[in-house]
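Trainee: Could you take me closely through one part of this model, the strand pairing and what surrounds it, in a single connected account?

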Amino acid sequence: MITRQRLAAGASALLAALALGGLGPVGSAAAADEPVGDKPAPKVELVLDVSGSMRARDIDGDSRMAAAKQAFNEVLDATPEEVELGIRTLGANYPGEDRKTGCKDTAQLYPVGPLDRTEAKTAVATLRPTGWTPIGPALLKAADDLDKGETGGTRRMVLITDGEDTCQPLDPCEVAREIAAKGIGLTIDTLGLVADAKTRAQLSCIADATGGTYTSVRHKDELTDRVGQLVDRAADPVVTPVAVDGAAQCTDAPQLKPGLYTDREKFGEHRYYRVDVEPGKELRASVSVAADRAVDRDYGVLLRAVTVHGREIVRGQESGDGRTDVISTGLRYPKADREEDGSETVCLQVSNSYSAPASVKTTPGLPVELTVDVVDGPDEASDVAAFGLGHGWWLLAALVVVGFLAGVLWGWISRWRVAVWRTN
């Protein structure tokens, strides 16, 4: 919704510039320098590990290779038309034991460009787990695939692997830093299939070097959903998060407008942020807290909307057990369209129940990404939140009435049964 509002605002500004182009050079320059139709297409390359270890059958009873193929087929079907997509493999062609040869085994399976879904699926179907895991060389080649001298446009690489690089001393983390230093705007996201600690550390380092994300995957649907999200993200306009410092209490919390924000939260901490909600508007908020270091199992994230006096309005919560690296949750709060109420200040409380072993540093805090949006409220009162059930007392009153009526009905039925029994 935030993206749509920004696109709408940009379109309105462009129309105004065109209409007033003759009144000054600024409007003419904006129209000339930023033609919408000439923007470079977003580019994505999926880099898939096809090494021998991908034969392991530990993803929902199927092999890692089968899970990757299924994910690729579903993602190819859902890829936005405007995205130019390519596929590169590593370890797909050389089955031998010669390390020097195995560490050169990376090839472009499908070139980056307009997507022919049938052709791409046919190419993916031919893959068989084969050789080594030359991640570093594959990253270098994939960067070349995406950098063809064209400036602008989104460039994203998605690396899917089940193990760490086997071709040292070419350190994939150093390769990622070199790619970032080129300044071509390439983001590398990494996904680890049933990854061990060393693999997680290496893939996290690769992603961090370019501002990307690392995700641990143990199930087919997780793999499909995450790859699809990353491909879709390439088609979205780039939104730069705004750094913000949450407060320990609502009265000191920073005032937020619709947008994307980042913060750091200590283990087990509560942080507050304030948002104004006008009558007839709906507040939508979501938060993600990332475990960027080793943490204890069993943790959760809580997002609450409360009044300035501390009364809870609505909440969202999610938990994890050590298999996920990012926990996300969200909430919605529509404010009734009564002008006499005026604007309401809502405090968003972000809490986490992470803990860490004694050997792990707890500073700086865990990365937090908070999304805030305020949109038009629901037109119909059919939305449960529109009745005010999120305030709590409406729900309590409804339960009391239902309980009372049920008690009266049950009492009447009991008396009738006793009377019939006595008569008989």
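Mentor: Two strands count as paired here if DSSP finds at least two bridges between them. In this predicted model, strand β5 (residues 186-193) and β6 pair in the parallel sense over four bridges, and within that pairing Gly192 has Ser216 of β6 as its bridge partner. The chain passes from β5 to β6 by way of helix α8 (residues 197-209), and the β-α-β crossover made in this way is right-handed. In a regular strand the side chains alternate between the two faces of the sheet.

Turning to the helices, α9 (residues 220-235) packs with helix α3 (residues 64-78) at an angle of about 35°, their axes being 9 Å apart, and the crossing of α3 and α9 is right-handed. On the α3 side the contact includes Ala67, Ala71 and Val75, while on the α9 side it includes Leu223, Val227 and Val231; the residues of this contact divide into eight nonpolar, three polar and three charged.

Elsewhere, an open sheet of five strands runs in the order β7-β8-β15-β10-β13, with mixed pairing. There β7 (242-243) and β13 (326-334) stand at the edges with a single partner strand each, so one side of each is left without a neighbour in the sheet. Within this sheet, strand β8 (residues 259-265) pairs with strand β15 (residues 366-376) in the antiparallel sense over seven bridges, and Tyr261 stands opposite Leu370 in β15.

How values were computed
Residues are numbered from 1 along each chain as its sequence is written. This is a predicted model: local features need pLDDT of at least 70, side-chain atom pairs count only at pLDDT 80 or more; totals for chains, interfaces and linings use all residues. Side-chain values use heavy atoms; hydrogens and water are left out. Axes are lines fitted to C-alpha atoms, for helices over the stretch in contact, and angles run from 0 to 180 degrees between N-to-C directions. Helices (H or I, at least four residues) and strands (E, at least two) are DSSP runs, numbered from the N terminus. A crossing is left-handed if the near helix is turned anticlockwise from the far one by less than a right angle, and right-handed if clockwise. Contact means heavy atoms within 4.5 Å. Ala, Val, Leu, Ile, Met, Phe, Trp, Tyr, Cys and Pro count as nonpolar, Asp, Glu, Lys and Arg as charged, and the others, Gly among them, as polar. A crossover is right-handed if, with the strands pointing away from the viewer, the path from the first strand over the helix to the second runs clockwise.
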